[in-house]
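Here is a short tour of one protein model. Keep the sequence and the 3D view side by side as you read.

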Amino acid sequence: MKTASIFEAKTNLSKYISSILSKKEPYIVIVKNGKPVARLVPYEPETGNRIGAGKKTLPRMNSLEEFNKINSEIESDFSGNGGLL
């Protein structure tokens, strides 16, 4: 794991990105006053269909039956019928 100050990160950003893309470094931790504040990591595109601003994704649904099954599971979560709430 490589660490870099904010100044080093600003100065060497292109070099650090190349290092991550070539997998020489899995990530680089950016530090301020010796304390970690950020992590530079390779981009990984999101998969699945997002609903609104939610973090979770739903699988692709190929039929109305699949949609209704997932919808009833979500409904039970919010109504207290065996869900998490």
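## A loop, a hairpin and a core

G34 sits in the loop between β2 and β3. Helices (H or I, at least four residues) and strands (E, at least two) are DSSP runs, numbered from the N terminus. G34 is exposed, at a relative accessible area of 65%. Here buried means under 20% relative accessible area, exposed over 50%, and partly exposed in between (1.4 Å probe, protein chains only). G34 and T3 are 31 residues apart in sequence, yet their C-alpha atoms are 9.4 Å apart in space.

The model is predicted: local features need pLDDT of at least 70, side-chain atom pairs count only at pLDDT 80 or more, and totals for chains, interfaces and linings use all residues. Residues are numbered from 1 along each chain as its sequence is written, and side-chain values use heavy atoms, with hydrogens and water left out.

**The hairpin.** N33 is also in the loop between β2 and β3. The hairpin of these strands has two residues between them. β2 and β3 run antiparallel and are joined by five bridges. Two strands pair if DSSP finds at least two bridges between them. I28 has L40 in β3 as its bridge partner. How many of the six residues of β3 (residues 35-40) are buried? The number is zero, so β3 lies largely in the open.

Most residues other than glycine have a negative phi. K23 is found in the loop between α2 and β2.

**The core.** Now turn to the inside. Nonpolar side chains tend to be buried together in soluble globular proteins. The largest nonpolar core has six residues: A4, A9, Y16, I20, I28 and I30. Such a core is a set of buried Ala, Val, Leu, Ile, Met, Phe, Trp, Tyr and Cys residues joined through side-chain atoms within 4.5 Å. Two elements give two or more residues to this core: α2 (13-21) and β2 (28-32).

A4 has contacts with A9, Y16, I28, V29, I30 and V31, leaving aside residues up to four places away in sequence. Contact means heavy atoms within 4.5 Å.

Y16 belongs to helix α2. Is Y16 buried or exposed? Its relative accessibility is 4%, so Y16 counts as buried. With residues up to four places away again left out, Y16 touches K2, A4, E8, A9, I28 and L40. Y16 and Y27 are eleven residues apart along the chain, and 8.9 Å separates their C-alpha atoms.

**Elsewhere on α2.** S19 is found in helix α2 too. S19 is buried, with a relative accessible area of 15%. Beyond residues up to four places away in sequence, S19 touches K24 and E25. I17 is another residue of helix α2. At 36% relative accessibility, I17 counts as partly exposed.
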